[in-house]
Amino acid sequence: MKFSTLTILLLIVFIAVVSALEAPKPPKKPYTNVEKLSVGVKKRPETCNKKAAAGDKISVHYAGYLASDLSPFDSSYSRGEPFSFVLGRNSVIAGWEAGMLGACVGERRRLLIPYNLAYGERGMPPKIPAKSALIFDVEVVDIERKDEL
C-alpha cells in the first residue's frame, strides 16, 4: 500500500510541476521583412541580482515560431525541461547570443530574429525553411556565473 500511495503522490507532484511550466501565448501577428534583431522584454523581475553575460551558463524555457506564419517549430515547455547553454560560445544561433545578454532570472523576452542571425540561407529543414525569420518567447530560469560552474 505504501508503494502505491507514494506513486500517486509523486504523480500529483509531477503534474503540478509540469502544469506550472506554462508556455507563453503565441504572437498575434506574423512578421515580414525582418531585417534586424528586436528584443522585447515581456516581464521583468522586481530584483535582478545577476545579468546574463558572456561565459555564463543560462537555463531557459522557450517557444519558437516562424515569423512569417507563426507556425510553432520547437518548445522546451512541451519537453518539460529547460534548455541550457553558455553565452559567448556560439553554441546557439547568433540572435540568441545577442538577444539574451543582460537578461535576469525570471525575465521573459520576445526575440524577433532575422534569418541571417538564425539559420541563414539554408534554414533547418523540414521545420525551418530557408531564409526564415524566427520569433522566440524565452524565460530565464537560471544563470550560473563561469566562476560558479
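Q: In this predicted model, what share of the contacts between residues at least 6 apart in sequence joins residues at least 24 apart?
A: The share is 71% in the protein chain. A contact here requires heavy atoms within 4.5 Å.

Q: Why is tryptophan 96 called buried?
A: Its relative accessibility is 4%. The limit for a buried residue is under 20%, and therefore tryptophan 96 counts as buried. Phenylalanine 85 is buried as well.

Q: Why is phenylalanine 83 described as partly exposed?
A: The relative accessible area of phenylalanine 83 is 30%. Buried means under 20% and exposed means over 50%; 30% falls in between, so phenylalanine 83 is partly exposed.

Q: What makes the pair of phenylalanine 83 and tryptophan 96 edge-to-face?
A: The ring centres are 6.0 Å apart, and a pair requires centres within 6.5 Å. The planes stand at 70°; because an angle over 60 degrees counts as edge-to-face, the pair receives that name. Phenylalanine 83 belongs to strand S4 (residues 83–86) and tryptophan 96 to helix H3 (residues 94–99), 13 residues apart.

Q: Why is the pair of phenylalanine 85 and tryptophan 96 called tilted?
A: Its centre-to-centre distance is 5.6 Å and its planes are 50° apart. Stacked requires under 30 degrees and edge-to-face over 60, so the 50° pair is tilted. Phenylalanine 85 lies in strand S4 and tryptophan 96 in helix H3, so this pair ties together parts 11 residues apart in sequence.

Q: Which residues do ring pairs link into a cluster?
A: The cluster holds Tyr62, Phe73, Phe83, Phe85, Trp96 and Phe136. The whole structure contains eight aromatic pairs.

Q: Which members of the largest nonpolar core touch the most other members?
A: Among its 22 residues, these are Val60, Trp96, Met100 and Phe136. Two or more residues come from each of strand S2 (57–66), strand S5 (108–113) and strand S6 (134–144). S6 contributes the most, with five residues.

Q: Which residues does valine 60 touch, not counting those up to four places away in sequence?
A: Among them are Phe83, Phe85, Trp96 and Met100, together with Val138, Val140 and Val141. A second, separate core has nine residues, including Val34, Leu112, Ala133 and Ile135.

Methods
Residues are numbered from 1 along each chain as its sequence is written. This is a predicted model: local features need pLDDT of at least 70, side-chain atom pairs count only at pLDDT 80 or more; totals for chains, interfaces and linings use all residues. Side-chain values use heavy atoms; hydrogens and water are left out. A nonpolar core is a set of buried Ala, Val, Leu, Ile, Met, Phe, Trp, Tyr and Cys residues joined through side-chain atoms within 4.5 Å. Buried means under 20% relative accessible area, exposed over 50%, partly exposed in between (1.4 Å probe, protein chains only). Helices (H or I, at least four residues) and strands (E, at least two) are DSSP runs, numbered from the N terminus.
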